[in-house]
Amino acid sequence: MKCNQCPDSCQNKSQTSNSFWQNLWRKPLKMKSPEVISEGTIALVGSPNVGKSLLFNVLTGGYTTVSNYPGTTVEASRNYIKIASKTITIIDTPGMYSLIPMTEEERFSRELLFREPLDLVVHVIDAKSLSRMLNLTFQLMETQVPILVAVNMIDEAEKLGIWVNEKQLEASLGIPVVTLSAAQQRGIKSLTAKMANYVHIPALSYSY
Ligand SMILES: Nc1nc2c(ncn2[C@@H]2O[C@H](COP(=O)(O)OP(=O)(O)OP(=O)(O)O)[C@@H](O)[C@H]2O)c(=O)[nH]1
Ligand SMILES: [Mg+2]
């Protein structure tokens, strides 16, 4: 007998309706992922081990796609974040010490800087070795792409008695600076607020 013909009290009926819901629950929902339209691109660059990838993960909530250029095995990760209600692509690049490339990683990152239409380059530096890392900042500033300096690892620097004065460094360099700790998720809001200044916001249109 078909279950929907059972009387309401029939156990068979309730089992069938339970299994219907259980099956529905187990069935993977196939949803078409919406096409992401990026409205700007920001790259994270800097020396190896300064925390670019950790910062990328903190900003984007995880790693998604990787891209490489023909002839290289080195990769960049990309993901999207919302800044000032715009969808912005964030690129995590391989470590480089200088814009004059010595390694495959440096060549790749340099290529990316010159090939990608970037709205902003975030130069991630280690607060513990500030002066050594500013060399690359000056090289990057010569590329004419807007540069923001993210002084990372302030938690470690503070333990060593090193305090980076954000305002003073900003005034000396003439470009925006943010001090942060990707590991402790400190300074992230301040970073995204400064990034927002480089995201193109369309002019308001009025209709009368
Ligand atoms: N204490 C502390 N550790 C950090 C911070 N940011 C990153 N790290 C650690 O530093 C190490 C290097 O971080 P990565 O994000 O891999 O550095 P990277 O710049 O991407 O390195 P490459 O990809 O080799 O260029 C990891 O162990 C991180 O957990 C920070 O703000 N504070
Ligand atoms: Mg990395």
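Visitor: Is Lys52 buried or exposed?
Guide: This is a predicted model, in which local features need pLDDT of at least 70, side-chain atom pairs count only at pLDDT 80 or more, and totals for chains, interfaces and linings use all residues. Residues are numbered from 1 along each chain as its sequence is written, while chains are lettered from A and ligands numbered from 1 in the order in which they are written. A residue is buried if 20 or more other C-beta atoms, placed from the backbone, lie within 10 Å of its own, exposed if 12 or fewer, and partly exposed in between. Lys52 has 27 other C-beta atoms within 10 Å, so Lys52 is buried.

Visitor: In which helix is the place of Lys52?
Guide: Helices (H or I, at least four residues) and strands (E, at least two) are DSSP runs, numbered from the N terminus. The protein chain has seven helices and seven strands. Lys52 has its place in α2.

Visitor: With which residues is Lys52 in contact, leaving aside neighbours within four places in sequence?
Guide: Two residues are in contact if their C-beta atoms, placed from the backbone, lie within 7 Å. By that rule, the partners of Lys52 beyond four places in sequence are Leu44, Gly46, Asp92, Thr93 and Val124.

Visitor: Which residues are the closest to ligand 1?
Guide: A residue counts as near a molecule if its C-beta atom, placed from the backbone, lies within 6 Å of it. Ligand 1 is surrounded by 17 residues, and the closest are Gly51, Lys52, Ser53, Gly95 and Ala183.

Visitor: Which helix gives the most to the shell around ligand 1?
Guide: Both α2 (52–60) and α5 (154–159) supply at least two residues of this shell. The one giving the most, with three residues, is α2.

Visitor: Which residues have the most contacts inside the largest nonpolar core?
Guide: A nonpolar core is a set of buried Ala, Val, Leu, Ile, Met, Phe, Trp, Tyr and Cys residues joined through C-beta atoms within 7 Å. The largest one here has 40 residues. Val151, for instance, touches Ile125, Ala127 and Leu130, among others. The residues with the most contacts inside this core are Leu44, Ala150 and Val151.

Visitor: What is the mean pLDDT of the protein chain?
Guide: pLDDT is the predictor's confidence in each residue, from 0 to 100. Where pLDDT is low, the predicted coordinates should not be read in detail. In this chain, 75% of the residues reach 70 or more, and the mean pLDDT is 84.
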